[in-house]
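Morning, everyone. I have one structure to go through today, so let me put it on the screen.

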Amino acid sequence: MRVDIVTIFPGFFDVLDVSLIGKARDRGILSMHVHDLREWTHDRHRTVDDTPYGGGAGMVMKPEPWGEALDAVLGEDAVLIVPSPAGERFTQAMARELAGESQLVFACGRYEGIDQRVVDHYSARGRVRLVSLGDYVLNGGEVAAMAVIEAVSRLVPGVVGNPDSLVEESHEDGLLEYPSYTKPAVWRGHEVPPVLLSGNHGAIAAWRREQSLERTRTTRPDLLPDAG
Ligand code: ADE
């Protein structure tokens, strides 16, 4: 998979060189390309924003640099992802869908967002998704893009060493993950649940399922099928 990121803060993405994503990059499974939007400006001040038509607070990102940048970066089959608090909510299901794509291009806006005509223009020519991380406002798309990149890239075959570890985690079966324990069997007086030491795989699976359901009922009842 190829990932391109267009941003006015390319340094934000230096951390992609470390951890699993860095390793996947080294092994050629993922390629990441970070582009500075200002490379596609032509004035002395490398201007990327201007005041909003209609008035109001804040600045809006100008369409021209975005048009040139995206024309240069978007490949034939790319999905353009625009992080925005006004987008559809990012979920594990969306991460799974995106993990099957050959190119993802992230357009990271700042200020009050990008001139709407940019999204309109590329929506008419290809696939564009406005994606929100959640119901809160970040200063820009960079942190959201990073979260989406991490959630998606770990689902690309070969990025996570043991694929079994992807199966039993939170959200994969629509529930929150059960609690995990390791040695020692007693820590500061807290014991590991005895069933986990029993060697009875059926009983362990049933206990874990019940724990997942209980956690989900308590913390995230909206995830249960009858949540309506
Ligand atoms: N940009 C600003 N806030 C955001 C959010 N909640 N999700 C995605 N992108 C954003």
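UniProt lists residues 1-224 as "domain: tRNA methyltransferase TRMD/TRM10-type", in an unreviewed entry. UniProt positions are given in the numbering used here, feature names are shortened, and annotations may be inferred rather than shown by experiment. This is a predicted model: local features need pLDDT of at least 70, side-chain atom pairs count only at pLDDT 80 or more, and totals for chains, interfaces and linings use all residues. Residues are numbered from 1 along each chain as its sequence is written.

Over residues 1-224, the chain is 31% helix and 19% strand, with the end C-alpha atoms 33 Å apart. Helices (H or I, at least four residues) and strands (E, at least two) are DSSP runs, numbered from the N terminus.

Now the sheet. It is open, with 5 strands in the order β2-β1-β6-β5-β7, and the pairing is parallel. β2 (31-36) and β7 (127-132) stand at the edges with a single partner strand each, so one side of each has no neighbour in the sheet. Direction ignored, neighbouring strands are turned by 30 degrees against each other on average; axes are lines fitted to C-alpha atoms, for helices over the stretch in contact, and angles run from 0 to 180 degrees between N-to-C directions.

V79 has L104 in β6 as its bridge partner.

Next, the ligand. Which residues surround the ligand? They are P83, S84, P85, S132, L133, G134, Y136, V137, L138, G140, G141 and A144, where near means a C-beta atom, placed from the backbone, within 6 Å. β5 gives the most to this shell, with 3 residues. By class, the shell has 7 nonpolar residues, 5 polar and no charged. Ala, Val, Leu, Ile, Met, Phe, Trp, Tyr, Cys and Pro count as nonpolar, Asp, Glu, Lys and Arg as charged, and the others, Gly among them, as polar.

Last, some backbone details. The peptide bond from K183 to P184 is cis, with omega near 5 degrees, and P184 sits in the loop between α6 (164-167) and β8 (186-187). R46, in the loop between β2 and β3 (49-50), has a positive phi near 55 degrees. R188 has a positive phi near 50 degrees, and its place is the loop between β8 and β9 (190-191).

Methods. Two strands pair if DSSP finds at least two bridges between them.
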